[in-house]
Amino acid sequence: MATKYWLLKAEPDSRIVKGKDVKFSVDDFERVSVSPWEGVRNYEARNLMKEMQVGEKAVFYHSNCKNPGIAAFAQVAREAYPDYTSWDESHPYYDPKSEKDKPKWYMVDLEFTARAKHFIPLTLFRHIASLATDEPPTEVGYIGEDGIRAIKTMNLVTRGRLSVQRVDSNAWNIIQLLAAKGGWEEMDLKPKKSSHTKMVKPKSRIGEVKAGKKKEVEQGIEEESPLSSLDSDEEGKPDIAAVQSRGTASRKRKAPADEQPHDAEGLRRSGRRRVRN
DNA sequence: GCCAACGTTGGC
DNA sequence: GCCAACGTTGGC
């Protein structure tokens, strides 16, 4: 079985949840060297962690911060085991539905490997993903057209909210290159306005009405085609909660890879992670 | 089983 | 701080 590669997020900035700081930066990671990846409360992310094997490589991503992006490399140091923080009432991600004899949430241990020589900002990925395949920027021309293709389909670009993601080997190789070589520091990393530009801001008339909290989504967009996601090879049961596409925008999303142990229920938090203690 | 409402993620 | 995106819940 081919080695798999992963991307895991953590928040480098302080954020207090239930009185505890959930911050976990690359500095923290480097300092502790090995860390349990607790706090993931999203089924798909959890299932991905259950697939992880000791020794597999991963990138460490800074999320929900001023400059999100890939900060370091890591490897899986322990396969999935129950996330004991889900049993701790005082923990930010306590889940009363998770029982000791039937854990609902799992985590792996990750070991810090090295910092990325060049921090790779999300804006770079987004920018590259917005380009035509045959117009590679000279500054990072070394990634080639295949590199652009690989980036366009990265989960990081297409599935922003997933906190634990798989990284395919093409993307993995590009990440290695980028982290080693850099070169984009002078680039203007704004995405190249793509099709779905949505700048329809009202021309503000003078007493405009505020229109409630309804945000109409223009639909019709539906660009997504790739959504590759090979997916879900759950090892557990098949996923039940199948797709629930939301009506509005014909989103195609894959089934929520889930499994839920008998009663579905659920916390509504998603996959954030990490709580320092 | 559909889908509107709700609540969270997380970029900007 | 705003708000689009989207996972989840719950009414029907």
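Two strands are taken as paired if DSSP finds at least two bridges between them, and helices (H or I, at least four residues) and strands (E, at least two) are DSSP runs numbered from the N terminus. The views below show a predicted model, in which local features need pLDDT of at least 70 and side-chain atom pairs count only at pLDDT 80 or more, whereas totals for chains, interfaces and linings use all residues. Residues are numbered from 1 along each chain as its sequence is written, and chains are lettered from A and ligands numbered from 1 in the order in which they are written.

View 1. The six strands are arranged in the order 4-7-6-5-1-8, with mixed pairing. Strand 4 (34–36) and strand 8 stand at the edges with a single partner strand each, so one side of each has no neighbour in the sheet. Direction ignored, neighbouring strands of this sheet are turned by 35° against each other on average; here, as in the other views, axes are lines fitted to C-alpha atoms, for helices over the stretch in contact, and angles run from 0 to 180 degrees between N-to-C directions. In chain A, this sheet belongs to a secondary structure of six helices and eight strands, which follow one another along the sequence as β-β-β-α-β-α-β-β-β-α-α-α-β-α.

**View 2. Strand 6 and its two antiparallel pairings.** Strand 6 pairs with strand 7 in the antiparallel sense over ten bridges, and strand 5 with strand 6, also in the antiparallel sense, over six bridges. Towards strand 7, Gln75 stands opposite Glu111 and Arg78 stands opposite Asp109, while Val59 stands opposite Phe73 in strand 6. Glu79, which is found in strand 6, touches Met52, Gln53, Val54 and Val108 when residues up to four places away in sequence are not counted; two residues are in contact if their C-beta atoms, placed from the backbone, lie within 7 Å. Glu79 counts as partly exposed because it has 16 C-beta neighbours inside 10 Å, where a residue is buried if 20 or more other C-beta atoms lie within 10 Å of its own, exposed if 12 or fewer, and partly exposed in between. The C-alpha atoms of Glu79 and Lys104, which are 25 residues apart along the chain, are separated by 16 Å.

**View 3. Helix 2 and helix 6 against the strands.** Helix 2 lies across strand 6, strand 7 and strand 8 and runs at about 95° to strand 7. Helix 6 (residues 169–181) packs on the sheet, where it touches strand 1 (5–10), strand 5 (57–62), strand 6, strand 7 and strand 8, and its direction makes about 50° with that of strand 7. Seven of the nine residues of helix 2 (residues 43–51) are buried, so this helix is largely enclosed by the rest of the structure. The buried residues are Tyr43, Glu44, Ala45, Arg46, Asn47, Leu48 and Met49, and what covers them includes strand 6 (69–82), strand 7 (106–121) and strand 8 (164–167). For chain A, 31% of the 277 residues count as buried.

**View 4. The contact between helix 3 and helix 4.** Helix 3 (residues 122–129) and helix 4 (residues 144–152) pack at an angle of about 110°, and their axes are 8 Å apart. That angle makes helix 3 roughly perpendicular to helix 4, a term that covers 65 to 115 degrees, with angles under 35 counted as roughly parallel, over 145 as roughly antiparallel and the rest as oblique. Phe125, Ile128 and Ala129 in helix 3 meet Ile148, Ile151 and Lys152 in helix 4.

**View 5. Two loop residues with positive phi.** Lys18, in the loop between strand 2 (16–17) and strand 3 (20–21), has a positive phi of about 45° although it is not a glycine. With 12 other C-beta atoms within 10 Å, Lys18 is exposed. Asn64, in the loop between strand 5 and strand 6, is likewise not a glycine and has a positive phi of about 55°; the hairpin of these strands has six residues between them. Asn64 counts as partly exposed, with 14 C-beta neighbours inside 10 Å.
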